[in-house]
Amino acid sequence: MAALEMVLITGMSGSGKSVALHALEDAGYYCVDNLPPELLTPFVALEQKHGAQKVAIAMDVRSATSLPLVPQQLRQLRESGVVVQSLFLDANTETLVRRFSETRRLHPLSRIDASDQHRALVDAIELERELLGEMREQAHVLDTSMIRSSQLQGYVKSLISSPITQLTLVFESFAFKRGVPLDADYVFDVRMLPNPHYESGLRLLTGRDQPVVDYLKGHSEVGEMFSHIEQFLKHWLGALVRDHRSYVTVAIGCTGGQHRSVYLVEALTAAFSPHWRTLKRHRELDAG
């Protein structure tokens, strides 16, 4: 019998856990929302007894008092042969405040006690970050601040399709003017490179278009930047594998996230994909 595949989704309230869970349901996973940590091991045992192959579980800060149980439970499940992937959805505080304001929902930590006193929303979000800190450290992080629900669904489906036993490199382009991705393990700033934006014939194109590619290839600085990033990753990938990392997100940022960062993400993906499992994202282009 094939090993049970389990995806654990945790993260900040308002970061899109329900959207991610729906994506996994579409992908054939049996999904359970807000499972108390105390029930994780019995639930998995029951699903194995019933011959289940894929399950997805969402947990959030409402189970804060028992969340410290989860890391040990995950280790035990892996040792028993369960294939476990852990995803943590995050978003910046400004985005979370906006989402709660738009939906008029109450943050689960906004109540201080049983009285009608309420904790300020920003304070509740920061407390949640503190309570979920250990879970975040032990999961692959997805920053949902700048992406639509459809993008998040696509990202989740692509991540779960990656072999858990093999390190996956995620290359992501972004615009510094819209903020650095919270899920980045490494961030490279390429704003000092020649900018196609100032060439009238290239301004409306992207780093995937051949005229922009030719323009950037014509500047030695761009080639040097590519080589330095490539050499850095080649040097450290072995150590990351030995550290049992499943995913490494490499974010490349320029001013608008349209030309230079996109070109370098495309080039790095092409360079590493023959030897490593790779995924690519263009945060600003995908959002268009």
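Reply: α1 (17-26), α4 (93-103) and α7 (149-160) each supply at least two residues of the second largest pocket's lining. Helices here are DSSP runs (H or I, at least four residues), strands likewise (E, at least two), numbered from the N terminus. This is a predicted model: local features need pLDDT of at least 70, side-chain atom pairs count only at pLDDT 80 or more, and totals for chains, interfaces and linings use all residues. Residues are numbered from 1 along each chain as its sequence is written, and side-chain values use heavy atoms, with hydrogens and water left out.

Me: Which residues lie nearest the centre of the second largest pocket?
Reply: Gly-14, Ser-15, Gly-16, Lys-17 and Arg-105, out of 20 lining residues. On a 1 Å grid over the protein atoms alone, a pocket is an open set of points where a 1.4 Å probe fits, with protein on both sides within 12 Å along at least five of seven lines; lining residues have an atom within 4 Å of a point.

Me: Which helix gives the most to the lining of the largest pocket?
Reply: α3, with five residues. β4 (83-90), α6 (133-137) and β5 (140-143) are among the elements that each supply at least two.

Me: New topic. At what angle do α9 and α10 cross?
Reply: Roughly 45°, with the axes of α9 (residues 220-242) and α10 (residues 260-272) coming within 11 Å. Axes are lines fitted to C-alpha atoms over the stretch in contact (heavy atoms within 4.5 Å), and angles run from 0 to 180 degrees between N-to-C directions.
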